[in-house]
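Please walk me through this protein for a first look.

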Amino acid sequence: SPSAPSVDALRRALSDRIARLRAEVPTAVVAVSVRDLAPGGASLDLAPDTVFHAASTMKLPVMIELFRAADRGALRLDDSVTLEN
């Protein structure tokens, strides 16, 4: 869309933010992956070969499913949920 930032502008903004974070927390490990799922959509990867423990990468899909379940009425967002390996 015309108001969407360019990939280069997004790369600069994210790189600046990561640099500020690392200045505050020198041990921070950060990687970013962005995908526009529209046909022909752009993509952006910063530090794509960074390795993270699975617990760091599973939070987003878990939250997506949590919100989907709440939308279906299967649970409320203030319900307790037990997660198992």
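Is Asp45 buried, partly exposed or exposed? Asp45 counts as partly exposed, because its relative accessibility is 30% and that class lies between under 20% for buried and over 50% for exposed.

The model is a predicted one, and its confidence comes before any detail. The mean pLDDT of the protein is 88, and 94% of the residues score at least 70. Confidence is highest in strand S2 (residues 43–46), at a mean of 95, and lowest in helix H2 (residues 54–57), at 76. Where pLDDT is low, the predicted coordinates should not be read in detail.

Side chains of opposite charge can pair when their charged atoms come close. This structure has three salt bridges. In one of them, Asp45 pairs with Arg35, with 3.0 Å from N to O. This pair links distant parts of the chain, since Asp45 lies in strand S2 and Arg35 in strand S1 (residues 32–35), 10 residues apart. Arg35 is partly exposed, at 44% relative accessibility.

Another salt bridge joins the side chains of Glu65 and Arg72 at 3.5 Å, N to O. Here Glu65 is partly exposed at 36%, whereas Arg72 counts as exposed at 57%. Arg76 and Asp78 also form a salt bridge, and their closest N and O atoms are 2.7 Å apart. Arg76 is exposed, with a relative accessible area of 52%, and Asp78 counts as exposed at 56%.

The surface also carries a nonpolar patch, formed by Met58, Val62, Val81 and Leu83, with about 370 Å² of accessible area together. Val62 belongs to helix H3 (residues 59–72) and is partly exposed, at 33% relative accessible area.

Note on methods:
Residues numbered from 1 in each chain as written. Predicted model: local features only at pLDDT ≥ 70, side-chain atom pairs only at ≥ 80, totals over all residues. Heavy atoms only, no water. pLDDT = per-residue confidence, 0-100. Helix = DSSP H or I, 4+ residues; strand = E, 2+ residues; numbered from the N terminus. Patch = residues over 30% accessible without salt bridge, like charges linked within 9 Å, V, L, I, M, F, W, Y side chains within 5 Å. Areas by Shrake-Rupley, 256 points an atom, 1.4 Å probe, with all protein chains shown as cover. Salt bridge = Lys/Arg side-chain N within 4 Å of Asp/Glu carboxyl O. Buried < 20%, exposed > 50% of the residue type's maximum accessible area, 1.4 Å probe, protein only.
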